[in-house]
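Please look at the sequence and the model as I go through the fold, the helix contacts and a few individual residues.

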Amino acid sequence: MALWSVVGDLLDGSGWTTALTEADVASSGVADSFLKASHLTRTRHAHQVTSLALHMLKKEAFSTCADDTTMATWEDQRKTRSPTFLFWDLILKYETLVLLFVRAHRQRNFTLYVETLEELIPLFFALDHMNYAR
């Protein structure tokens, strides 16, 4: 729950809850509760939907690109040109990491568990969640 709460802090004020409400994924009150991870299963589902939607949008945008560049090169170019793309790419990265953490926990994969935690720990410090960073 702490991981979803940290991702919720990143998403706070981004318009994510409004997008979920307009897409009829959740009501406005329930969408706001996703930021605090009040209900774990619903929160995880909302983040899974978000990750999937962001990945599909990124893939679709890359497919409309006329250049013969690789996906990584295209992403780097977009990140330097668009702060919005950089933000949502960061959200996709952290949501994917949290979902990988859940997978590692369920499958009892200690190596994956440690790798995901190593990448997520700086986020706890950056968003002032010191109690969970220990």
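From the N terminus on, the elements of the protein chain run α-α-α-α-α-α-α-α. In other words, the protein chain has eight helices and zero strands; helices (H or I, at least four residues) and strands (E, at least two) are DSSP runs, numbered from the N terminus. The radius of gyration of the protein chain is 16 Å, close to the 14 Å that the globule rule gives for 134 residues, so the chain is as compact as a globular protein of that length. That radius is taken over C-alpha atoms, and the globule rule is 2.2 Å times the number of residues to the power 0.38.

A word on the basis of these values. This is a predicted model, in which local features need pLDDT of at least 70 and side-chain atom pairs count only at pLDDT 80 or more, while totals for chains, interfaces and linings use all residues. Residues are numbered from 1 along each chain as its sequence is written, and side-chain values use heavy atoms, with hydrogens and water left out.

Along its principal axes, the C-alpha trace of the protein chain spans about 45 × 40 × 30 Å. Buried residues make up 35% of the 134 residues in the protein chain; buried means under 20% relative accessible area, exposed over 50%, and partly exposed in between, with a 1.4 Å probe and protein chains only. Among contacts (heavy atoms within 4.5 Å) in the protein chain between residues at least 6 apart in sequence, 58% join residues at least 24 apart.

I turn now to the helix pairs. How do the axes of α3 and α4 cross? The axes of helix α3, residues 28-36, and helix α4, residues 40-63, come within 9 Å and cross at roughly 95°. Axes here are lines fitted to C-alpha atoms, for helices over the stretch in contact, and angles run from 0 to 180 degrees between N-to-C directions. That makes α3 roughly perpendicular to α4; angles under 35 degrees count as roughly parallel, over 145 as roughly antiparallel, 65 to 115 as roughly perpendicular and the rest as oblique. From α3, Val30, Ser33 and Phe34 make the contact, and from α4, Arg42, Thr43, Ala46 and His47. These residues divide into three nonpolar, three polar and one charged. In this classification, Ala, Val, Leu, Ile, Met, Phe, Trp, Tyr, Cys and Pro count as nonpolar, Asp, Glu, Lys and Arg as charged, and the others, Gly among them, as polar.

The second pair is α4 and α5, which pack at an angle of about 100° with their axes 11 Å apart. That makes α4 roughly perpendicular to α5. Here Lys58, Lys59, Ala61 and Phe62 in α4 meet Met71, Trp74 and Glu75 in α5. By class, this contact has four nonpolar, no polar and three charged residues.

Let us return to α3 and its surroundings. Its buried residues are Ala31, Ser33, Phe34 and Leu35, and what covers them includes α1, α2 and α4. Ala37 follows α3 and is found in the loop between α3 and α4. Its phi is near 60°, a positive value in a residue other than glycine. With a relative accessible area of 1%, Ala37 is buried. Ser5, in helix α1, residues 2-11, also counts as buried, at 18% relative accessibility. Leaving aside its neighbours within four places in sequence, Ser5 is in contact with Leu35, Lys36, Ala37 and His129.

Next comes helix α6, residues 83-107. At 1.5 Å a residue, its 25 residues should span 36 Å, and its end C-alpha atoms are 36 Å apart, which agrees; the expected span is 1.5 Å times one less than the number of residues. The buried residues of α6 include Phe85, Asp89, Ile91, Tyr94, Glu95 and Phe101. The buried residues of α6 pack against α1, α4, α5 (71-81) and α7 (110-126).

Arg108 lies in the loop between α6 and α7, and its phi is near 55°, a positive value in a residue other than glycine.

Finally, Phe125 is found in helix α7 and is partly exposed, with a relative accessible area of 43%. Phe125 and Gln77 are 48 residues apart in sequence and 28 Å apart in space, C-alpha to C-alpha. Thank you for your attention.
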